[in-house]
Protein chains: 2
Amino acid sequence: MPTIKDVARIANCSISTVSYALNNDRRIPEKTANRIKKIADDLGYLPSAAARNLKKQNTNTVLVAISDFGGPVYHELLDGIHHKLGKNKYTMIVSTGFSTENLLKEKTVDGAIISDINITNKTLKQVSKTFRPIIILDRSLDDENIFDMTIDNHNAMYRLTNDVLSKGYRKIAFVHGVKKTFDNESRFAGFNHALNEHGLSVYQEFVGNFTKPSGQKIAQEILNQNEQPDMIVCANDEMALGIMETLQINGKNIPGDYGVSGFDDIELSRYFKPSLTSVRINRFSWGERIADTLIHLMKSESTSAQKAHGELIIRESY
Amino acid sequence: MPTIKDVARIANCSISTVSYALNNDRRIPEKTANRIKKIADDLGYLPSAAARNLKKQNTNTVLVAISDFGGPVYHELLDGIHHKLGKNKYTMIVSTGFSTENLLKEKTVDGAIISDINITNKTLKQVSKTFRPIIILDRSLDDENIFDMTIDNHNAMYRLTNDVLSKGYRKIAFVHGVKKTFDNESRFAGFNHALNEHGLSVYQEFVGNFTKPSGQKIAQEILNQNEQPDMIVCANDEMALGIMETLQINGKNIPGDYGVSGFDDIELSRYFKPSLTSVRINRFSWGERIADTLIHLMKSESTSAQKAHGELIIRESY
DNA sequence: ATCATAGATTGAAACGTTTCAATAACATAC
DNA sequence: GTATGTTATTGAAACGTTTCAATCTATGAT
């Protein structure tokens, strides 16, 4: 492996000259710069990242930590982040589990975006003492070293619920996802907020786990009980889809017998019959904004907190 | 950020002693080692990866390059790789696109596993001149610096086809995925191999793109033609599922009117009615073997080429 | 006491860059 | 021909580790 030294020797100049030339420093006249670049190229010289990182005390690399490669990895989000980082000459790496911890500990990256639910708030706070900046997604955490960026679930669900109310529904059930999670609680809060403003409160509550099967089970529960809601607001699309499917299999009409709504606007929701009213987040541009924020933080520029804004997608399910 | 120097100063000893102590070198007695570790800990000292990498000329990190975070990223494979790497004290990072190129160029990692179809053979060969070792997945490439590990599609499909033949099917159609890809060609070759041994040749051929919708379209083609196959061997499960679905919607029985087989054994294939006969690769353990091989290569130990062996999963679709 | 030996500790070089500050080379003007 | 300024080039320090080889210290044997 040739080093900068070899290039200097062959170009018959000093190491500093080579370094400046290769980094397009204008103190080196274009002619010599080109000559040196040519030599470096011919030699197959590639600068050592380790040496540069050591000297410059940065790596131009950003880490995105995710829970699981199989899980609901919003690839649009990753694409958005990647895209924006690329435009700013950063490299993006993705990791899970113990690898994430290693990378964070050793300052192998300049900044991190964390969307890994397996990392506890505690370890996060611990890490943030020695490593910065960190952006945490879909979780809110009061630590001045950790920047959180969340989806404005509250507001979006508030608007959705108002729309539901405007259509005349009054016996409104809520289907929870996993309790205590940020997504579930904030969506439920927005739902309640709208209801309360109308002097109403939730008619019935069910608890699922954000998956389709859990929605199917809940639909059975609903069918088996005496009191019937006229509207079922779900914490996400997958559960809503499961509910609609089971309800339909049992001869119910949607809308008609029940209205149903979701959240997230997954692919399928558009194609299901009836198509599902939901809340859509443009995850690509959200990813871009996240990356942008991180870039600001890495340059220790100030940034203001932001939330992803959900767009109401009104369809035919209520 | 405290450095090893700070630890040495406070521990009132030399830098070398701290380094040896922290790396559990036995020349440092346990007592002092513990004392130093305690001090390092209290100080919040974390060694600089850049400095270590520079000195040791390695990074203890492995790169896995994938095509796309949304694509058919076999997360079991990644989990298998990650698991094995962890056992051997390596960190795994995942990347796509331009980030992969950056990482490879700058020798930020000690080895790479490439499963990115967007990287051309040409650039791969180029990179392999300066970077090693590289393992390439699901592609075969004759370059002595690149180690390829593939699934033994040929053999698995050969065995599957023999099983089909043993059931008496003779008018056998083949549904291609994307042509010219390693997976498609080697599966088709195995299929042909078995047929030829019985003095038969393929009855009909269709070309899809490995997706369910393409299978649905092909099913229509089949229904619309005059000559009818009695068996449809597909290059993967997703197309097989699409075909079965459309065939059933049109009142056909499977098996009965047609037999159908797949490849990959995706989750759904087990639950579909009828359940789909397919070939299963244990991707977790395959990932482990891949990682193992890479580890050997990184230690410049010799390894022998391997192929993943597929297991025939006989179910009810023919 | 003296010596050898093993154990504990350390100084210094090296890894390959970047970058400050100094020098060298060269015009230009007087 | 000297002074002045501009441009080009370079030496050397620094980044934070690891590790060789040398030194120092204590232990026990003679």
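Among the 26 residues around DNA strand C, those that come nearest are Ile4(A), Ser16(A), Ala51(A), Cys13(B) and Ser16(B), where a residue is near a molecule or strand if its C-beta atom, placed from the backbone, lies within 6 Å of it. The structure is a predicted model, in which local features need pLDDT of at least 70, side-chain atom pairs count only at pLDDT 80 or more, and totals for chains, interfaces and linings use all residues. Residues are numbered from 1 along each chain as its sequence is written, while chains are lettered from A and ligands numbered from 1 in the order in which they are written.

Two or more residues of the surface near DNA strand C are given by each of helix 2 and helix 4 of chain A and helix 2 and helix 4 of chain B; helices (H or I, at least four residues) and strands (E, at least two) are DSSP runs, numbered from the N terminus. Helix 4 of chain A gives the most to this surface, with five residues. By class, the surface near DNA strand C has 12 nonpolar, nine polar and five charged residues (Ala, Val, Leu, Ile, Met, Phe, Trp, Tyr, Cys and Pro count as nonpolar, Asp, Glu, Lys and Arg as charged, and the others, Gly among them, as polar).

Around DNA strand D there are 26 residues, of which Cys13(A), Ile4(B), Ser16(B), Ser19(B) and Ala51(B) come nearest. The elements that give two or more residues to this surface are helix 2 (15-22) and helix 4 (49-56) of chain A, together with helix 2 (15-22) and helix 4 (49-56) of chain B. Here the largest share, five residues, comes from helix 4 of chain B. The surface near DNA strand D comprises 12 nonpolar, nine polar and five charged residues.

Between the protein chains, 34 residues of chain B are in contact with 34 residues of chain A, two residues being in contact if their C-beta atoms, placed from the backbone, lie within 7 Å. On the side of chain B that touches chain A, the largest share, six residues, comes from helix 6 of chain B. That side has 14 nonpolar, 15 polar and five charged residues.

Asp79(B) is found in helix 5 of chain B. With 19 other C-beta atoms within 10 Å, Asp79(B) is partly exposed (buried requires 20 or more such atoms, exposed 12 or fewer, and partly exposed lies in between, with C-beta atoms placed from the backbone). Leaving aside neighbours within four places in sequence, Asp79(B) is in contact with Phe69(A), Phe284(B) and Gly287(B). The C-alpha atoms of Asp79(B) and Phe284(B) are separated by 6.4 Å, although these residues are 205 residues apart along the chain.
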